[in-house]
Amino acid sequence: MHPPVDLAEDLERFNGRLATYLKPEDIARIGSAYVFSDAAHRGQMRSSGDPYISHPLAVAETLATWHLDPQALIAALLHDVMEDTHVTKEQIAERFGKTAAELVDGVSKLDRLEHQSYAQAQAENFRKMLMAMARDVRVILIKLADRLHNMRTLDAVRPEKRRRIARETIEIYAPIANRLGLNSLYRELQELSFRHACPMRYRVLTRAVKQARGNRREVLSKILDTIKSALPAAGINADVMGREKHVYGIYRKMRDKHLSFSQVLDIYGFRIVVKDRSTCYLALGVLHGLYQPVPGKFKDYIAIPKVNGYQSLHTTLIGPFGTPVEIQIRTNGMHHVAETGVASHWLYKDDQSLDALQKKTHKWLQSLIELQSASGDTAEFLEHVKVDLFPGEVYVFTPRGKILSLPRGATAVDFAYAVHTDIGNRCLSCLINFDPMPLRTELRSGDRVEIITSPHSNPNPAWLSYVRTGKARAQIRQLLKARQNQEASVLGERLLVRALEEIGYTLAQVDQLAWDRFLHDTGARSREDIYSDIGLGIRLGPVVARRLMARDDNLQLEVRKAGSVTIQGTEGAAVHLATCCSPIPGDPIVGLIRKGQGMIIHTHDCSTLKKLNRAKTEWVDVEWEPAIGRLFDAHIRVIAKNNRGVLAQLASGIAETDSNIINVSMQDDDDLTTSLYFTLQVTDRIHLARILRSLRRVPEVLRIHRHAQPVKLN
Ligand code: MN
């Protein structure tokens with residue numbers, strides 16, 4: 001049991017700490033926050049019977065030992081007023097500024113989170129969610145200091161609650177402290193948790209450790225003396241201390257490495273702190289000369305720091321009597337980072353502005369990233385930092401308290417699909433934190449999301465414009481496509497019936513053999529596929545109808561490639577040649593179905609087609625029927641020397657190649673050259689090429705181009 005607190009004494013000690021690094025006006029503001037908080041909590045007691053204000057004061061004092069800025073200290077003093085009293089965020093903002101209010105609000109949100117059940121929720125996700133929700137690292141630091149004080153005073157709480165809080169601390173908060181590099185906090189949280197979660201084991205182990213230490217003191221001091229004299233002899237100034245093993249650390253080693261108590265305790269630990277990096281390596285050399293090192297135990301965390309920024313040299317030596325001796329060697333700076341981690345960069349700072357704080361946080365992370373890149377595992381580390389401190393993910397609750405992680409920007413629809421495909425496909429509306437909200441609402445960490453479904457509900461194409469996850473997108477697309485195919489199939493069947501009627505048949509007259517042959521030729525899976533292709537305009541009803549009846553009718557439609565439609569360009573109303581690119585047989589072509597206009601044939605490289613940017617499904621794969629036997633218009637421009645009689649020469653060259661000139665116009669480019677624009681009738685590309693070859697033989701011709709459209713000169 002703790003003695004009752006002496007508020008006056010605590011307050012004096014707190015102010016003394018503030019005076020070591022803060023300006024008087026800041027200390028005065030922190031003082032008024034204390035008065036404000038004290039008044040708000042007046043009459044409230046802790047379980048221990050102490051006045052409530054003793055708790056926020058203790059939390060603020062911990063932050064003061066980390067030299068946190070005034071806003072964080074004010075927020076620490078006020079961290080419970082929003083939850084426990086009637087004070088609002090706005091009131092805090094008005095009195096103490098927006099930053100302090102935001103910090104208090106952040107801590108309160110985490111408190112509310114705690115009251116939800118995390119029992120079934122995975123501890124790892126819960127940790128990440130806490131980190132993600134606290135956009136400002138200071139919120140987490142306040143929360144950790146809060147937890148530390150609650151753990152220190154846990155004796156006053158009833159045993160059942162005590163065990164729950166202890167377990168939560170070891171699963172959630174100690175790992176966060178470790179991740180942030182707050183080592184001494186991490187160890188204390190572990191030690192306290194272990195004591196409260198497993199009181200029996202803790203008592204037995206503590207007694208055993210105490211006894212064993214007495215027996216081993218002699219060995220310890222012998223090693224300590226040897227090291228302490230060897231280092232100065234080599235010209236190295238160093239602080240050498242024996243490391244006390246923590247009870248929880250011993251317990252964990254026994255459990256994880258299956259060691260006996262004496263095997264664990266027989267390892268002696270020493271820490272050596274020197275002035276700079278190179279001295280660390282010198283000291284290492286001296287020690288390796290002193291005792292035999294254990295092979296494979298040396299670790300250079302200076303060259304390759306741990307993810308949380310920890311740096312040290314680790315080695316294990318074989319001491320006198322063959323006992324293993326664990327050594328850590330580091331500089332003073334490394335020692336600070338090792339003990340206080342993320343908080344260490346607030347220490348000894350001169351600038352108090354928030355901007356500078358953010359910059360320092362950023363710099364700290366940046367330096368970790370740089371250090372980490374030396375070890376080559378940057379991607380993974382960045383992933384950790386991003387998730388934990390700069391959240392790229394949001395963590396939300398299902399109505400049953402399960403935590404789901406979604407990418408930032410994810411909406412209620414993404415959530416629905418993440419829970420189950422059927423929920424997504426049938427989702428109708430949603431409740432976010434019990435309020436009805438639009439399905440497109442972006443989710444935030446900590447939201448409780450409930451999806452309302454209806455058996456008649458269907459995915460809406462508009463969802464595709466805001467869903468964020470690949471799963472939701474794929475599922476919506478798939479369902480929409482299935483639905484579209486179904487609708488198209490009904491329409492396609494009707495179109496085919498009409499097309500068959502036009503050539504004198506009914507659908508029933510198409511025999512199974514004709515269908516099988518057609519399916520085989522086209523590679524389609526079923527009649528329904530063919531119907532929906534017709535409905536979507538991928539196939540033409542009349543073409544399918546004629547092919548189905550081909551054997552009967554001697555219609556002789558040539559099929560050159562499965563799946564593509566052959567055209568003659570003489571199909572009448574159904575097929576048009578585009579005037580923007582004037583395709584001729586031999587040009588690679590594509591058909592584009594326009595509603596009410598039939599199919600328009602463009603060349604592959606048609607610039608108009610590129611601008612249309614249509615959905616690919618409206619494009620029909622088409623090919624020219626061989627030996628069509630009609631003529632097509634082609635447009636060319638001939639640039640020739642400005643000689644009299646050149647037109648006559650060209651005209652006779654064209655006539656020689658069995659082509660007709662439909663139109664010609666000419667224009668002088670300058671004194672020396674003339675452009676002549678011809679529209680010619682050709683059978684195909686080969687024919688056109690022959691014409692061009694013939695024209696190039698005319699000595700006056702300088703250049704010839706094919707034009708996509710006729711050129712109109714005024
Ligand atoms: Mn608290």
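**View 1. Strand S18 (residues 660-668) gives the most to a nonpolar surface patch, contributing three residues.** Welcome to a predicted model, in which local features need pLDDT of at least 70, side-chain atom pairs count only at pLDDT 80 or more, and totals for chains, interfaces and linings use all residues. Residues are numbered from 1 along each chain as its sequence is written, and side-chain values use heavy atoms, with hydrogens and water left out. The patch is made of Leu647, Ile661, Val664 and Met666, which together have about 290 Å² of accessible area. Patch members have over 30% relative accessible area and no salt bridge; like charges are joined within 9 Å, and nonpolar side chains (Val, Leu, Ile, Met, Phe, Trp, Tyr) within 5 Å. A salt bridge here is a side-chain nitrogen of Lys or Arg within 4 Å of a carboxyl oxygen of Asp or Glu. Areas come from the Shrake-Rupley method with a 1.4 Å probe, and for residues only the protein chains shown count as cover. Val664 lies in strand S18 and counts as partly exposed because its relative accessibility is 36%. On this scale, buried is under 20% relative accessible area, exposed is over 50%, and partly exposed is in between (1.4 Å probe, protein chains only). Strands (E, at least two residues) and helices (H or I, at least four) are DSSP runs numbered from the N terminus.

**View 2. Strand S5 (residues 313-318) is mostly covered, with five of its six residues buried.** Let us go through its partners. Strand S3 (residues 292-293) runs antiparallel to S5 and is joined to it by two bridges; here Gln292 has Ile318 of S5 as its bridge partner. Two strands count as paired if DSSP finds at least two bridges between them. In S6, Gln328 is the bridge partner of His314. The hairpin of S5 and S6 has five residues between the strands, and Phe321 in this hairpin takes a positive phi near 60°.

**View 3. Three strands form an open antiparallel sheet in the order S10-S9-S11.** Strand S10 (435-437) and strand S11 (449-453) stand at the edges with a single partner strand each, so one side of each is left without a neighbour in the sheet. Neighbouring strands of this sheet are turned by 35° against each other on average, direction ignored; the axes are lines fitted to C-alpha atoms, for helices over the stretch in contact, and angles run from 0 to 180 degrees between N-to-C directions. Strand S9 (residues 427-432) and S10 run antiparallel and are joined by three bridges, with Leu431 facing Pro436 of S10 as its bridge partner.

**View 4. A search of the whole structure finds zero disulfides.** A disulfide would be a pair of cysteine sulfur atoms within 2.5 Å. Cys580 is buried, at a relative accessible area of 16%, and Cys581 is buried at 6%.

**View 5. Asn178 sits in helix H10 (residues 159-179).** Asn178 counts as partly exposed, at 27% relative accessibility. The C-alpha atoms of Asn178 and Thr340 are separated by 9.8 Å, although these residues are 162 residues apart along the chain.
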